[in-house]
Amino acid sequence: MSYDGLHLELGENVIQEVRKHWIVFVGHGLVLLVLAIIPLLLRIGVNIFMPGMLNIPTPGNMNSLLLFLYTLWILFLWIWFFINWTKYYLDVWYVTEKRIIIVNQKQIFDREVSNLRFDKIQDVTLDMHGFIPTLLHFGDIRVQTASEDSKSFQINTVRHPEKIRRVIFSQQNRNSHNFSGENE
Amino acid sequence: MINTDTILPFSINFNLLSYIDSGVLTIILGLFFVVYLIVSVALYYHWSKYGMSHPGVILAQSVFALGSVILFTVAVLSINYY
């Protein structure tokens, strides 16, 4: 693993990567799977209920034509799947010893990177409600800044939000101790 | 058996199929390939620039390339057998 792209300071290391739970991506995958199956079901339906519909004069083999069109459809879904995966995978928070680097990959060509120093953090709240989130340990995390122009950063459906909040608080405490130690 | 010519108002459009030969299909596949190339370049750019050489990204690159090769091969073969 190489974090060169994050432009970390000297001696700064990534402690934790925070990503959305895999269930989010499984949801996308299932939608695409259904879309991939629909043409097959239509073909079966036509074969059973309207077999004459496929007796259309074509210069070539009708089955090959249908296979060609179906392959293009699957290729389209294949590309869509990887676009979704890229958005899911690159939407990430990196927690280092000094800050949180927030990468918000909204669309494939819409990327926002923010830095949040621990001394600017006022509160970290987590929201975990519902049966499935509790069962699979995922929820939303919101970090609020203490500056005048108070901002909040949120990442939804992350794995083990309590653990992440603990890591953020422990790093925040360590940073404030280091800061007060330097001042004494 | 149901006579689709009498119940489907769009059945007249099926005559268009008689103009679809392997040349037309090759052009369609070629256009699709150009779009695929543009999207692939964008994806590979994101994976290499922001993926941090993560094992998951390397796996995704391989699966994407392998799946694409298989699907384009099937498309070319279906044109050949048309």
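This is a predicted model: local features need pLDDT of at least 70, side-chain atom pairs count only at pLDDT 80 or more; totals for chains, interfaces and linings use all residues.

I began with Pro133(A), which I found in helix H3 of chain A, the run covering residues 131-136.

Next I asked myself: is Pro133(A) buried or exposed? Its relative accessible area came out at 16%. Buried means under 20%, so Pro133(A) counts as buried.

Then I checked who sits around Pro133(A). I skipped its neighbours within four places in sequence, and that left Met128(A) and Phe138(A) in contact with Pro133(A). I also looked up Thr157(A): 24 residues separate it from Pro133(A) in sequence, and the C-alpha to C-alpha distance is 8.0 Å.

I put the volume of the largest pocket at about 500 Å³. Which elements give two or more residues to its lining? They are helix H1 (22-49) and helix H2 (62-90), both of chain A. H2(A) gives the most, with seven residues.

I counted 17 lining residues for that pocket, and the ones nearest its centre are Pro39(A), Arg43(A), Leu54(A), Leu66(A) and Leu69(A). Sorting the whole lining by type, I got 15 nonpolar residues, one polar and one charged.

Last stop, chain B. How many helices and strands does chain B have? I found three helices and zero strands, so my sketch along the sequence simply reads α-α-α. Chain B has 82 residues, and 35% of them count as buried.

Methods:
Residues are numbered from 1 along each chain as its sequence is written. Chains are lettered from A and ligands numbered from 1 in the order in which they are written. Side-chain values use heavy atoms; hydrogens and water are left out. Helices (H or I, at least four residues) and strands (E, at least two) are DSSP runs, numbered from the N terminus. Buried means under 20% relative accessible area, exposed over 50%, partly exposed in between (1.4 Å probe, protein chains only). Contact means heavy atoms within 4.5 Å. On a 1 Å grid over the protein atoms alone, a cavity is a set of points where a 1.4 Å probe fits but cannot get out, and a pocket is an open set with protein on both sides within 12 Å along at least five of seven lines; lining residues have an atom within 4 Å of a point. Grid points are joined across faces, edges and corners, and a volume is the space filled by probe spheres set on the points. Ala, Val, Leu, Ile, Met, Phe, Trp, Tyr, Cys and Pro count as nonpolar, Asp, Glu, Lys and Arg as charged, and the others, Gly among them, as polar.
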